[in-house]
Amino acid sequence: SRSQFHKMNKSLYLYLAFCISISISIASPISGPPQPHHRERIPGNFTLTFQDEFDGTSLNTSKWVVMTTAGSGFTMGYPYIGCYVNSANNVHVTGGNLHLTVRDEGTNFSCSGVTTQFTAGEVHSLGKFSQTYGVFEVNASIPNVRTPGLQEAFWLWPVNQTQDGVIWPAAGEIDFAEFYSQYPDIVVPYLHYNLSSLNQNLTNYYYNCTINLSGYNVYQLVWTPNRLTINVNGYTCFYDDWNPSPPLQKPQPFSKPFFLVLTQALGLGANAYQPGNTSLPATTKVDYVRTWQFV
């Protein structure tokens, strides 16, 4: 009968699946430290320098600091301004992910001189981890939102902004993954520095880094003294052989330690929050953050 045929097929399938799983387990060696996504496309050798898989039930404060507007003075969004807060509603670890959430609290509160009803989540590694050059990788899922109002970013900021005798943007900022919900199917890498008029390399940003908005994507920065390369899901969609304007000389400003920042916020400008149209709360889920150094 048809039902017997289906049962036989199912039994055969399960038996074959079992045999395959056994052969794979026997043939596969015990894995070592995680390797960069599409390792074979990156020249050189590496050593793992930072890793957070977010497998616990709380944020690892030996690796991360929760950003707060009260402690920094930095807000998010415009003209709808919100505050970064240290709250489990905005920053928490569960289910193998770091959750960063932007929320409408429904009632106004005061935060460092700002009156708002919006809160957001951001973490950074200043004072915990920083690095010059290497590979930086984040696997994450951003909110599946197709209307303006949200902004997310995975980025690097210099530990000592004035080390080269200049300030931002000349001091450098590496946004290896930045998202604007008005452009829902792409990530927009952006390198901040003052470029020389003699720079014949790529422009500072491209709009061709496509993503799968409904799932997780791997965002990777490969940073050498000569080039910044940004890969999405193993494919290169942006690189820059930067040439800074005087008084800096290459590899400045990207020759000093930078620290990690992960952000979920409201948008601004053309991507500003739209009451009644932008869905809140909205959460970015980070599966892992890993970095490697060249050896």
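How many aromatic pairs does a search of the whole structure find? I got 17. For a pair, the ring centres of Phe, Tyr or Trp (its six-membered ring) must lie within 6.5 Å; planes under 30 degrees apart are stacked, over 60 edge-to-face, and the rest tilted.

Before going on, I noted that this is a predicted model, where local features need pLDDT of at least 70, side-chain atom pairs count only at pLDDT 80 or more, and totals for chains, interfaces and linings use all residues. Residues are numbered from 1 along each chain as its sequence is written, and side-chain values use heavy atoms, leaving out hydrogens and water.

I looked up Phe179 and Tyr219: the centres are 5.2 Å apart and the planes at 75°, so I wrote down edge-to-face. Phe179 is in strand S10 (residues 173-180) and Tyr219 in strand S14 (residues 217-223), so this pair ties together parts 40 residues apart in sequence. Strands here are DSSP runs of E, at least two residues, numbered from the N terminus. Both Phe179 and Tyr219 are buried, meaning under 20% relative accessible area (1.4 Å probe, protein chains only).

Next I checked Tyr193 and Phe254, another edge-to-face pair, with 5.7 Å between centres and 80° between planes. Tyr193 sits in the loop between strands S12 (190-192) and S13 (209-210), and Phe254 in the loop between S16 (235-240) and S17 (258-266), so the pair links parts 61 residues apart in sequence. Tyr193 and Phe254 are buried too. They belong to one aromatic cluster, whose members include Trp223 and Trp242.

Last, I found the charged end of Lys250 over the ring of Trp242, 4.7 Å from its centre. "Over" needs NZ of Lys or CZ of Arg within 6 Å of the ring centre and within 35 degrees of the ring normal.

Definitions and conventions
Helices (H or I, at least four residues) and strands (E, at least two) are DSSP runs, numbered from the N terminus. Buried means under 20% relative accessible area, exposed over 50%, partly exposed in between (1.4 Å probe, protein chains only).
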